[in-house]
Amino acid sequence: ANAFDVMRTNLLRTLRSNGWTRVAITSPTPGCGKSTVAANLAFSLARLADTRVLLVELDLRHPSLLNILGLPVGQNFAGALAEGRLDFDQVKRYGRNLAFALNSRPMDSPAELLSAARTADLIDEIETQLRPDVVLFDLSPMLVSDDAIAFLDQVDCALMIAAADETTVVDVDKCGKDLAKRTQVLGVVLNKCR
């Protein structure tokens, strides 16, 4: 937990100094552990009593957070987005200041949904109604599809998750350059270290 608490403190300092709330979490390739990092960071942030946190799963080709968190299948936040409506039954509260917007099943061609103006409007409305201090978006890996790229104009900044002994320097470099063209890059988290 200490590593996530350090990450949390550094993240909050940067967000507050810039007036930011929206953080994308992505990786160059699958298997880097970005969803696990996103969940742990959300729990770390939520341990601060005065910080409201929303974790939104937008890795729509391979949703995994319900499984990681051990929650029952049934949530379909992306389905509500696709229908163009807000469904707060798809946003589940965990404790006093943490909420999850997750998905039970994958979606075909999510880039179209993620780049739609209607989706941006719905995300804005959720933020207006729930008033989170931090919104974490678990996005798809950058180098396997255009899904993350389609949504990056909706966030203030991004964290890249790389896997030790798996992610290549070339992949980190390419992903970092792609991210930097679209948003502020907060840094790279080296995951799966021994």
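A residue is called buried when its relative accessible area is under 20%, exposed when it is over 50%, and partly exposed in between, using a 1.4 Å probe and protein chains only. Keep that in mind as we walk through this predicted model, where local features need pLDDT of at least 70, side-chain atom pairs count only at pLDDT 80 or more, and totals for chains, interfaces and linings use all residues. Residues are numbered from 1 along each chain as its sequence is written, and side-chain values use heavy atoms, leaving out hydrogens and water.

Let's start with I126. You will find I126 in helix α6, residues 117–130; helices (H or I, at least four residues) and strands (E, at least two) are DSSP runs numbered from the N terminus. I126 counts as buried because its relative accessible area is 4%. Leaving aside residues up to four places away in sequence, I126 touches L54, F77, L86, F88 and R131, where contact means heavy atoms within 4.5 Å.

Now look at the aromatic rings. A pair of aromatic rings is described by the distance of the centres and the angle of the planes. Rings of Phe, Tyr and Trp (its six-membered ring) pair if their centres lie within 6.5 Å; planes under 30 degrees apart are stacked, over 60 edge-to-face, and the rest tilted. This rule gives four aromatic pairs. One of them joins F43 and F100, edge-to-face, with 5.9 Å from centre to centre and 65 degrees between the planes. This pair links distant parts of the chain, since F43 sits in helix α2 (residues 34–46) and F100 in strand β4 (residues 98–101), 57 residues apart. F43 is partly exposed at 25% relative accessible area, whereas F100 is buried at 2%. Together with Y94, F43 and F100 form one aromatic cluster.
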